[in-house]
Amino acid sequence: MSPPATISAVKGFRDVLPDEAGRWRVLEDAAERVFSRYGFEEVRPPVVERTELFARSLGDTTDVVEKEMYSFVDRDGTSLTLRPEATASVVRAYIEAGLAQREPAARLYYRGPMFRRERPQRGRYRQFHQIGAEIFGRDDALADAELLVMLTRYLAAVGARETRLEVNSVGDARCRPVYRERLRDFGKRELAALCPDCHRRLDRNPLRILDCKVEGCRAVVARAPVMLDSLCDACRAHLDEVRALLAQEAVPYTMNARLVRGLDYYCRTAFEVVAAGLGAQNAVGGGGRYDGLVAALGGPDVPGLGFALGLERLAIVAPAEAAAPGPHAVVLPLEARAVGPAFALATRLRDEGLAIGLEPAGRSLKALLRAADRRRARLAVIVGEEELRVGRATVRDLARHEDRPQALPLDAAAPELAQQMRTLLGSGS
Ligand code: AMP
(Lines give C-alpha, C1' and ligand atoms only; values in the text may rest on other atoms or scores of the structure.)
Protein backbone atom coordinates (compact mmCIF):
# COMPACT_ATOMS: atom_id res chain seq x y z
CA MET A 1 0.00 0.00 0.00
CA SER A 2 1.30 3.47 -0.76
CA PRO A 3 1.74 5.77 2.22
CA PRO A 4 -1.03 8.33 2.71
CA ALA A 5 -0.58 11.56 0.75
CA THR A 6 0.53 14.63 2.70
CA ILE A 7 -1.87 17.53 3.17
CA SER A 8 -0.49 20.96 2.43
CA ALA A 9 -1.63 24.34 3.69
CA VAL A 10 -4.15 26.22 1.55
CA LYS A 11 -2.66 28.55 -1.10
CA GLY A 12 -2.06 32.00 0.35
CA PHE A 13 -2.28 30.72 3.93
CA ARG A 14 0.95 30.07 5.72
CA ASP A 15 2.41 28.79 8.93
CA VAL A 16 4.21 31.18 11.20
CA LEU A 17 6.94 28.90 12.50
CA PRO A 18 8.66 29.41 15.86
CA ASP A 19 11.49 31.66 14.62
CA GLU A 20 9.07 34.01 12.90
CA ALA A 21 6.50 33.79 15.70
CA GLY A 22 9.23 34.86 18.12
CA ARG A 23 9.93 37.90 15.97
CA TRP A 24 6.21 38.73 15.80
CA ARG A 25 5.99 38.56 19.57
CA VAL A 26 8.69 41.21 19.80
CA LEU A 27 6.70 43.40 17.39
CA GLU A 28 3.47 42.84 19.33
CA ASP A 29 5.04 43.47 22.72
CA ALA A 30 6.55 46.70 21.44
CA ALA A 31 3.12 47.79 20.16
CA GLU A 32 1.61 47.21 23.55
CA ARG A 33 4.45 49.08 25.25
CA VAL A 34 4.51 52.08 22.92
CA PHE A 35 0.76 52.40 22.27
CA SER A 36 -0.11 52.30 25.97
CA ARG A 37 2.04 55.39 26.51
CA TYR A 38 -0.38 57.20 24.22
CA GLY A 39 -3.45 55.98 26.07
CA PHE A 40 -4.45 53.06 23.81
CA GLU A 41 -6.19 49.97 25.16
CA GLU A 42 -6.48 46.63 23.44
CA VAL A 43 -9.68 45.39 21.85
CA ARG A 44 -10.15 41.94 20.33
CA PRO A 45 -13.08 41.86 17.91
CA PRO A 46 -14.12 38.53 16.33
CA VAL A 47 -12.77 37.53 12.91
CA VAL A 48 -16.24 36.94 11.47
CA GLU A 49 -18.71 39.75 10.87
CA ARG A 50 -21.87 40.30 8.89
CA THR A 51 -20.95 40.94 5.26
CA GLU A 52 -22.89 44.20 5.21
CA LEU A 53 -20.49 45.69 7.79
CA PHE A 54 -17.71 45.70 5.21
CA ALA A 55 -19.94 46.43 2.24
CA ARG A 56 -21.15 49.54 4.03
CA SER A 57 -17.85 50.69 5.58
CA LEU A 58 -15.42 49.97 2.77
CA GLY A 59 -17.79 50.94 0.00
CA ASP A 60 -18.90 48.39 -2.55
CA THR A 61 -16.70 49.77 -5.31
CA THR A 62 -13.43 48.88 -3.61
CA ASP A 63 -11.35 45.91 -4.76
CA VAL A 64 -11.65 44.38 -1.33
CA VAL A 65 -15.44 44.29 -1.38
CA GLU A 66 -15.77 43.65 -5.11
CA LYS A 67 -13.58 40.60 -5.32
CA GLU A 68 -11.42 39.85 -2.29
CA MET A 69 -13.73 38.99 0.57
CA TYR A 70 -14.14 35.52 1.99
CA SER A 71 -17.90 35.51 2.36
CA PHE A 72 -20.25 32.64 2.93
CA VAL A 73 -23.88 32.09 3.78
CA ASP A 74 -24.34 30.67 7.26
CA ARG A 75 -26.92 27.94 7.86
CA ASP A 76 -29.50 30.47 8.95
CA GLY A 77 -29.11 32.39 5.71
CA THR A 78 -27.00 35.25 7.10
CA SER A 79 -24.15 36.36 4.86
CA LEU A 80 -20.94 36.36 6.89
CA THR A 81 -17.42 37.48 6.01
CA LEU A 82 -13.95 36.79 7.38
CA ARG A 83 -12.79 40.30 8.16
CA PRO A 84 -10.56 41.82 5.46
CA GLU A 85 -9.53 44.58 7.90
CA ALA A 86 -10.43 45.50 11.44
CA THR A 87 -11.35 49.19 11.47
CA ALA A 88 -14.97 48.40 10.60
CA SER A 89 -15.09 45.81 13.39
CA VAL A 90 -13.59 48.20 15.94
CA VAL A 91 -16.10 50.87 14.95
CA ARG A 92 -18.94 48.36 15.24
CA ALA A 93 -17.71 47.34 18.69
CA TYR A 94 -17.33 50.99 19.70
CA ILE A 95 -20.95 51.63 18.78
CA GLU A 96 -22.33 48.32 20.05
CA ALA A 97 -20.62 48.51 23.45
CA GLY A 98 -21.91 52.03 23.97
CA LEU A 99 -18.42 53.53 24.08
CA ALA A 100 -19.66 56.24 21.78
CA GLN A 101 -21.67 57.54 24.75
CA ARG A 102 -19.57 56.39 27.72
CA GLU A 103 -16.09 57.01 26.40
CA PRO A 104 -16.38 58.94 23.16
CA ALA A 105 -12.64 59.69 23.00
CA ALA A 106 -11.68 55.99 23.24
CA ARG A 107 -8.31 54.91 21.90
CA LEU A 108 -8.25 51.29 20.87
CA TYR A 109 -5.64 49.05 19.33
CA TYR A 110 -5.87 45.52 17.97
CA ARG A 111 -3.81 42.80 16.40
CA GLY A 112 -4.81 39.70 14.57
CA PRO A 113 -5.45 37.93 11.29
CA MET A 114 -7.20 39.50 8.28
CA PHE A 115 -8.38 37.68 5.17
CA ARG A 116 -8.36 38.86 1.57
CA ARG A 117 -8.51 36.70 -1.52
CA GLU A 118 -5.68 38.47 -3.34
CA ARG A 119 -3.17 36.89 -5.68
CA PRO A 120 -0.51 35.51 -3.34
CA GLN A 121 3.08 36.68 -3.84
CA ARG A 122 5.98 37.69 -1.63
CA GLY A 123 4.60 39.91 1.12
CA ARG A 124 1.00 39.28 0.03
CA TYR A 125 -1.05 36.48 1.50
CA ARG A 126 -4.68 35.56 1.85
CA GLN A 127 -4.41 35.43 5.60
CA PHE A 128 -2.16 38.15 6.92
CA HIS A 129 -1.84 39.92 10.23
CA GLN A 130 -2.17 43.50 11.27
CA ILE A 131 -1.48 45.65 14.28
CA GLY A 132 -3.68 48.70 14.22
CA ALA A 133 -4.77 51.63 16.34
CA GLU A 134 -7.87 53.83 16.24
CA ILE A 135 -8.65 57.17 17.89
CA PHE A 136 -12.29 58.22 18.22
CA GLY A 137 -13.98 61.48 19.05
CA ARG A 138 -11.26 63.84 17.92
CA ASP A 139 -11.46 66.07 14.87
CA ASP A 140 -8.48 68.25 15.76
CA ALA A 141 -5.12 68.14 14.02
CA LEU A 142 -3.40 67.36 17.33
CA ALA A 143 -4.92 63.85 17.25
CA ASP A 144 -3.53 63.25 13.74
CA ALA A 145 -0.10 64.45 14.85
CA GLU A 146 -0.14 62.31 18.00
CA LEU A 147 -1.06 59.24 15.97
CA LEU A 148 1.75 59.89 13.50
CA VAL A 149 4.33 60.54 16.21
CA MET A 150 3.28 57.28 17.89
CA LEU A 151 3.62 55.44 14.60
CA THR A 152 7.14 56.74 14.01
CA ARG A 153 8.13 55.97 17.61
CA TYR A 154 6.82 52.46 17.21
CA LEU A 155 8.74 51.92 13.97
CA ALA A 156 11.88 53.18 15.68
CA ALA A 157 11.25 50.96 18.71
CA VAL A 158 11.16 47.82 16.55
CA GLY A 159 14.17 48.95 14.52
CA ALA A 160 12.34 49.19 11.20
CA ARG A 161 14.91 49.99 8.52
CA GLU A 162 14.57 52.36 5.60
CA THR A 163 10.93 53.16 6.07
CA ARG A 164 9.44 56.42 4.90
CA LEU A 165 6.28 58.11 6.05
CA GLU A 166 4.22 59.67 3.26
CA VAL A 167 1.42 62.06 4.01
CA ASN A 168 -1.38 63.59 1.99
CA SER A 169 -4.83 65.07 2.44
CA VAL A 170 -7.70 63.50 0.55
CA GLY A 171 -10.12 66.31 1.35
CA ASP A 172 -13.56 65.97 2.84
CA ALA A 173 -17.22 65.76 1.84
CA ARG A 174 -17.10 69.38 0.76
CA CYS A 175 -14.04 69.51 -1.47
CA ARG A 176 -13.55 65.95 -2.61
CA PRO A 177 -16.63 65.85 -4.87
CA VAL A 178 -15.26 68.88 -6.72
CA TYR A 179 -11.92 67.17 -7.15
CA ARG A 180 -13.59 63.91 -8.15
CA GLU A 181 -15.25 65.71 -11.08
CA ARG A 182 -11.99 67.33 -12.11
CA LEU A 183 -10.34 63.92 -12.07
CA ARG A 184 -13.21 62.35 -14.00
CA ASP A 185 -12.99 65.03 -16.69
CA PHE A 186 -9.25 64.48 -16.91
CA GLY A 187 -9.72 60.71 -17.13
CA LYS A 188 -12.34 61.00 -19.86
CA ARG A 189 -9.88 63.01 -21.93
CA GLU A 190 -7.23 60.28 -21.47
CA LEU A 191 -9.61 57.36 -21.89
CA ALA A 192 -7.65 55.64 -24.68
CA ALA A 193 -4.62 55.18 -22.42
CA LEU A 194 -6.49 53.77 -19.44
CA CYS A 195 -7.20 50.12 -18.68
CA PRO A 196 -10.75 48.67 -18.76
CA ASP A 197 -10.85 48.60 -14.94
CA CYS A 198 -10.10 52.31 -14.87
CA HIS A 199 -12.87 52.98 -17.39
CA ARG A 200 -15.24 51.47 -14.89
CA ARG A 201 -13.61 53.35 -12.02
CA LEU A 202 -14.09 56.65 -13.82
CA ASP A 203 -17.82 56.08 -13.72
CA ARG A 204 -18.14 54.70 -10.23
CA ASN A 205 -15.21 56.01 -8.17
CA PRO A 206 -12.65 58.01 -10.18
CA LEU A 207 -10.25 58.42 -7.22
CA ARG A 208 -9.38 54.79 -7.59
CA ILE A 209 -7.60 55.35 -10.88
CA LEU A 210 -4.91 56.98 -8.74
CA ASP A 211 -3.78 53.67 -7.30
CA CYS A 212 -4.16 51.53 -10.40
CA LYS A 213 -1.05 49.39 -10.78
CA VAL A 214 -1.19 49.06 -14.59
CA GLU A 215 1.85 50.70 -16.20
CA GLY A 216 -0.11 52.69 -18.83
CA CYS A 217 -2.50 54.04 -16.21
CA ARG A 218 0.34 55.07 -13.94
CA ALA A 219 1.84 57.14 -16.71
CA VAL A 220 -1.49 58.93 -17.20
CA VAL A 221 -2.08 59.35 -13.50
CA ALA A 222 1.32 61.01 -13.10
CA ARG A 223 -0.16 63.95 -15.03
CA ALA A 224 -3.54 63.97 -13.30
CA PRO A 225 -4.69 66.88 -11.14
CA VAL A 226 -4.05 66.29 -7.43
CA MET A 227 -6.37 66.66 -4.47
CA LEU A 228 -3.95 68.99 -2.70
CA ASP A 229 -4.75 71.70 -5.24
CA SER A 230 -8.49 71.35 -4.62
CA LEU A 231 -8.60 71.38 -0.83
CA CYS A 232 -11.22 73.61 0.77
CA ASP A 233 -10.06 76.13 3.37
CA ALA A 234 -10.93 73.93 6.35
CA CYS A 235 -9.04 70.92 4.97
CA ARG A 236 -6.10 73.11 4.04
CA ALA A 237 -5.98 74.57 7.57
CA HIS A 238 -6.20 71.08 9.10
CA LEU A 239 -3.33 69.83 6.95
CA ASP A 240 -1.19 72.89 7.74
CA GLU A 241 -1.69 72.35 11.45
CA VAL A 242 -0.84 68.65 11.28
CA ARG A 243 2.31 69.54 9.37
CA ALA A 244 3.29 72.24 11.86
CA LEU A 245 2.92 69.80 14.76
CA LEU A 246 4.95 67.16 12.93
CA ALA A 247 7.62 69.74 12.23
CA GLN A 248 7.67 70.75 15.88
CA GLU A 249 8.43 67.15 16.85
CA ALA A 250 10.89 66.77 13.97
CA VAL A 251 8.98 63.82 12.48
CA PRO A 252 10.49 63.04 9.09
CA TYR A 253 7.94 62.52 6.29
CA THR A 254 7.37 63.39 2.66
CA MET A 255 4.25 64.86 1.13
CA ASN A 256 2.86 62.59 -1.56
CA ALA A 257 0.11 64.40 -3.43
CA ARG A 258 -0.83 61.19 -5.25
CA LEU A 259 -1.38 59.12 -2.15
CA VAL A 260 -4.95 57.88 -1.83
CA ARG A 261 -6.15 55.16 0.45
CA GLY A 262 -7.95 52.26 -1.18
CA LEU A 263 -10.90 52.58 1.13
CA ASP A 264 -13.74 55.02 0.61
CA TYR A 265 -14.17 56.29 4.12
CA TYR A 266 -10.95 58.24 4.43
CA CYS A 267 -11.02 62.02 4.62
CA ARG A 268 -8.38 64.67 5.18
CA THR A 269 -5.15 63.14 6.53
CA ALA A 270 -4.07 59.99 4.71
CA PHE A 271 -0.67 58.39 5.14
CA GLU A 272 1.37 55.37 4.33
CA VAL A 273 4.59 53.84 5.59
CA VAL A 274 6.61 52.54 2.66
CA ALA A 275 9.80 50.55 2.87
CA ALA A 276 12.72 50.06 0.55
CA GLY A 277 13.53 46.40 0.07
CA LEU A 278 9.97 45.12 -0.02
CA GLY A 279 9.65 45.02 -3.81
CA ALA A 280 6.24 45.57 -5.35
CA GLN A 281 4.39 45.25 -2.05
CA ASN A 282 6.24 48.16 -0.52
CA ALA A 283 3.62 49.42 1.94
CA VAL A 284 4.20 48.36 5.52
CA GLY A 285 1.11 50.13 6.70
CA GLY A 286 -1.18 53.03 6.27
CA GLY A 287 -4.08 54.87 7.67
CA GLY A 288 -5.77 58.18 8.04
CA ARG A 289 -8.85 59.98 9.14
CA TYR A 290 -12.35 58.56 8.64
CA ASP A 291 -14.70 61.14 10.11
CA GLY A 292 -17.92 59.86 8.56
CA LEU A 293 -17.49 56.19 9.30
CA VAL A 294 -19.00 55.90 12.78
CA ALA A 295 -22.15 57.64 11.57
CA ALA A 296 -22.25 55.56 8.38
CA LEU A 297 -22.34 52.45 10.55
CA GLY A 298 -25.30 53.73 12.52
CA GLY A 299 -23.45 55.39 15.41
CA PRO A 300 -23.37 59.05 16.41
CA ASP A 301 -21.48 61.55 14.31
CA VAL A 302 -18.09 60.91 15.92
CA PRO A 303 -14.85 61.45 14.01
CA GLY A 304 -12.10 58.86 13.94
CA LEU A 305 -8.64 58.11 12.64
CA GLY A 306 -6.21 55.21 12.74
CA PHE A 307 -3.67 53.04 11.02
CA ALA A 308 -2.90 49.41 10.35
CA LEU A 309 0.52 47.82 9.92
CA GLY A 310 1.12 44.46 8.27
CA LEU A 311 3.08 42.15 10.55
CA GLU A 312 4.48 39.99 7.75
CA ARG A 313 6.00 43.03 6.05
CA LEU A 314 7.04 44.66 9.30
CA ALA A 315 8.92 41.49 10.23
CA ILE A 316 10.87 41.82 6.96
CA VAL A 317 11.90 45.44 7.47
CA ALA A 318 12.55 45.20 11.21
CA PRO A 319 15.77 43.19 11.51
CA ALA A 320 15.62 39.89 13.37
CA GLU A 321 16.87 40.00 16.89
CA ALA A 322 19.78 37.70 17.57
CA ALA A 323 18.61 34.10 17.21
CA ALA A 324 15.99 33.30 19.81
CA PRO A 325 17.69 32.24 23.03
CA GLY A 326 17.61 28.56 23.87
CA PRO A 327 16.64 27.17 27.29
CA HIS A 328 18.64 28.04 30.37
CA ALA A 329 19.61 24.40 30.70
CA VAL A 330 18.88 20.95 29.35
CA VAL A 331 18.65 18.03 31.77
CA LEU A 332 20.29 14.85 30.43
CA PRO A 333 19.45 11.49 32.03
CA LEU A 334 22.22 9.04 31.10
CA GLU A 335 20.29 5.89 31.90
CA ALA A 336 16.78 4.63 32.55
CA ARG A 337 17.16 4.88 36.34
CA ALA A 338 18.01 8.56 36.05
CA VAL A 339 14.80 9.46 34.21
CA GLY A 340 12.68 9.96 37.36
CA PRO A 341 15.21 12.19 39.19
CA ALA A 342 15.95 14.12 35.96
CA PHE A 343 12.24 14.74 35.40
CA ALA A 344 11.84 15.88 39.02
CA LEU A 345 14.78 18.26 38.66
CA ALA A 346 13.41 19.73 35.42
CA THR A 347 9.91 20.15 36.84
CA ARG A 348 11.14 21.99 39.94
CA LEU A 349 13.31 24.33 37.88
CA ARG A 350 10.48 24.99 35.41
CA ASP A 351 8.13 25.70 38.33
CA GLU A 352 10.61 28.35 39.42
CA GLY A 353 10.42 30.08 36.05
CA LEU A 354 13.51 28.68 34.33
CA ALA A 355 13.37 27.39 30.74
CA ILE A 356 14.53 23.80 30.94
CA GLY A 357 14.90 21.20 28.20
CA LEU A 358 14.70 17.50 29.03
CA GLU A 359 16.13 14.76 26.84
CA PRO A 360 15.10 11.10 26.86
CA ALA A 361 17.52 8.53 28.28
CA GLY A 362 19.22 5.80 26.30
CA ARG A 363 21.95 7.67 24.43
CA SER A 364 25.61 8.27 25.10
CA LEU A 365 26.74 11.37 26.98
CA LYS A 366 28.28 12.64 23.77
CA ALA A 367 24.99 12.32 21.87
CA LEU A 368 23.09 13.98 24.70
CA LEU A 369 25.51 16.90 24.86
CA ARG A 370 25.18 17.36 21.13
CA ALA A 371 21.40 17.50 21.53
CA ALA A 372 21.76 20.15 24.26
CA ASP A 373 24.07 22.17 22.02
CA ARG A 374 21.59 22.04 19.16
CA ARG A 375 18.96 23.52 21.41
CA ARG A 376 21.34 26.43 22.15
CA ALA A 377 21.13 25.70 25.88
CA ARG A 378 23.54 27.54 28.19
CA LEU A 379 24.04 24.65 30.60
CA ALA A 380 23.75 20.88 30.49
CA VAL A 381 22.67 19.13 33.69
CA ILE A 382 23.89 15.56 33.67
CA VAL A 383 22.26 12.84 35.76
CA GLY A 384 24.12 9.50 35.51
CA GLU A 385 25.07 6.67 37.79
CA GLU A 386 27.73 8.61 39.69
CA GLU A 387 25.39 11.60 40.14
CA LEU A 388 22.64 9.33 41.51
CA ARG A 389 25.13 7.79 43.95
CA VAL A 390 26.30 11.11 45.41
CA GLY A 391 22.88 12.78 45.01
CA ARG A 392 24.18 15.71 42.94
CA ALA A 393 23.91 16.45 39.22
CA THR A 394 26.92 17.58 37.21
CA VAL A 395 26.52 20.88 35.41
CA ARG A 396 28.44 21.64 32.26
CA ASP A 397 28.78 25.10 30.82
CA LEU A 398 28.20 24.46 27.14
CA ALA A 399 29.78 27.68 25.96
CA ARG A 400 33.00 27.13 27.91
CA HIS A 401 33.00 23.35 27.73
CA GLU A 402 33.70 22.96 31.42
CA ASP A 403 32.10 20.92 34.17
CA ARG A 404 31.07 22.12 37.59
CA PRO A 405 31.27 18.78 39.34
CA GLN A 406 28.21 17.72 41.27
CA ALA A 407 26.79 21.20 41.22
CA LEU A 408 23.07 20.66 41.83
CA PRO A 409 21.72 18.66 44.78
CA LEU A 410 19.09 16.28 43.39
CA ASP A 411 16.91 16.41 46.48
CA ALA A 412 16.97 20.17 47.10
CA ALA A 413 13.72 22.10 47.33
CA ALA A 414 12.75 24.00 44.19
CA PRO A 415 13.66 27.55 45.33
CA GLU A 416 17.11 26.52 46.50
CA LEU A 417 17.66 24.56 43.31
CA ALA A 418 16.62 27.52 41.19
CA GLN A 419 18.87 29.81 43.23
CA GLN A 420 21.87 27.59 42.62
CA MET A 421 21.00 27.33 38.93
CA ARG A 422 20.77 31.10 38.64
CA THR A 423 24.17 31.45 40.28
CA LEU A 424 25.59 28.98 37.77
CA LEU A 425 23.95 30.86 34.90
CA GLY A 426 25.27 34.14 36.21
CA SER A 427 28.85 32.91 36.47
CA GLY A 428 28.61 31.03 33.20
CA SER A 429 28.32 34.02 30.92
P1 AMP B 1 -4.58 48.17 4.12
O2 AMP B 1 -5.57 47.70 5.16
O3 AMP B 1 -4.89 47.65 2.75
O4 AMP B 1 -4.31 49.62 4.19
O5 AMP B 1 -3.22 47.46 4.50
C6 AMP B 1 -2.43 47.85 5.58
C7 AMP B 1 -1.21 46.99 5.63
O8 AMP B 1 -1.58 45.63 5.80
C9 AMP B 1 -0.42 46.97 4.34
O10 AMP B 1 0.45 48.06 4.28
C11 AMP B 1 0.32 45.66 4.43
O12 AMP B 1 1.46 45.77 5.28
C13 AMP B 1 -0.68 44.79 5.11
N14 AMP B 1 -1.41 44.00 4.11
C15 AMP B 1 -2.52 44.32 3.42
N16 AMP B 1 -2.90 43.32 2.62
C17 AMP B 1 -2.00 42.33 2.78
C18 AMP B 1 -1.84 41.02 2.23
N19 AMP B 1 -2.69 40.51 1.35
N20 AMP B 1 -0.78 40.28 2.66
C21 AMP B 1 0.11 40.77 3.55
N22 AMP B 1 -0.02 41.99 4.10
C23 AMP B 1 -1.04 42.77 3.74
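This tour moves from the ligand to the sheets and ends at a hairpin.

The model is predicted: local features require pLDDT of at least 70, side-chain atom pairs count only at pLDDT 80 or more, and totals for chains, interfaces and linings use all residues. Residues are numbered from 1 along each chain as its sequence is written, and side-chain values use heavy atoms, with hydrogens and water left out.

**Stop 1: the ligand**

Next, display the polar contacts, which are pairs of N or O atoms within 3.5 Å. Arg116 places a polar side-chain atom 2.9 Å from an oxygen atom of the ligand. Gln130 likewise has a polar side-chain atom 2.9 Å from a ligand oxygen atom. At Gly285, a polar backbone atom is 3.1 Å from an oxygen atom of the ligand. Taken alone the ligand exposes 480 Å², of which the protein buries 89%; these areas come from the Shrake-Rupley method with a 1.4 Å probe.

**Stop 2**

Now select the open sheet with the order E1-E5-E6-E11-E10-E9-E7-E8, whose pairing is mixed. Strand E1 (41–42) and strand E8 (254–255) stand at the edges with a single partner strand each, so one side of each has no neighbour in the sheet. Two strands pair if DSSP finds at least two bridges between them. E1 and strand E5 (residues 107–115) pair in the parallel sense over two bridges, and the bridge partner of Glu41 in E5 is Leu108.

Contact means heavy atoms within 4.5 Å; axes are lines fitted to C-alpha atoms, for helices over the stretch in contact, and angles run from 0 to 180 degrees between N-to-C directions.

**Stop 3: the sheet of three strands**

Move to the open antiparallel sheet with the order E2-E4-E3. Its edge strands, E2 (48–50) and E3 (70–73), each pair on one side only. E2 is joined to strand E4 (residues 79–82) by three bridges, and Arg50 stands opposite Leu80 in E4. Helix H2 (residues 51–58) lies across E2, E3 and E4, at about 75° to E2.

**Stop 4: the hairpin**

Finally, select strand E15 (residues 392–397) and strand E16 (residues 402–409), which run antiparallel and are joined by five bridges. Arg396 stands opposite Asp403 in E16. Four residues lie between the strands of this hairpin, where His401 takes a positive phi near 55°.

Methods. A polar contact is a pair of N or O atoms within 3.5 Å; within protein, one must be able to donate a hydrogen and the other to accept it, and residues adjacent in sequence count only if both atoms are side-chain atoms.
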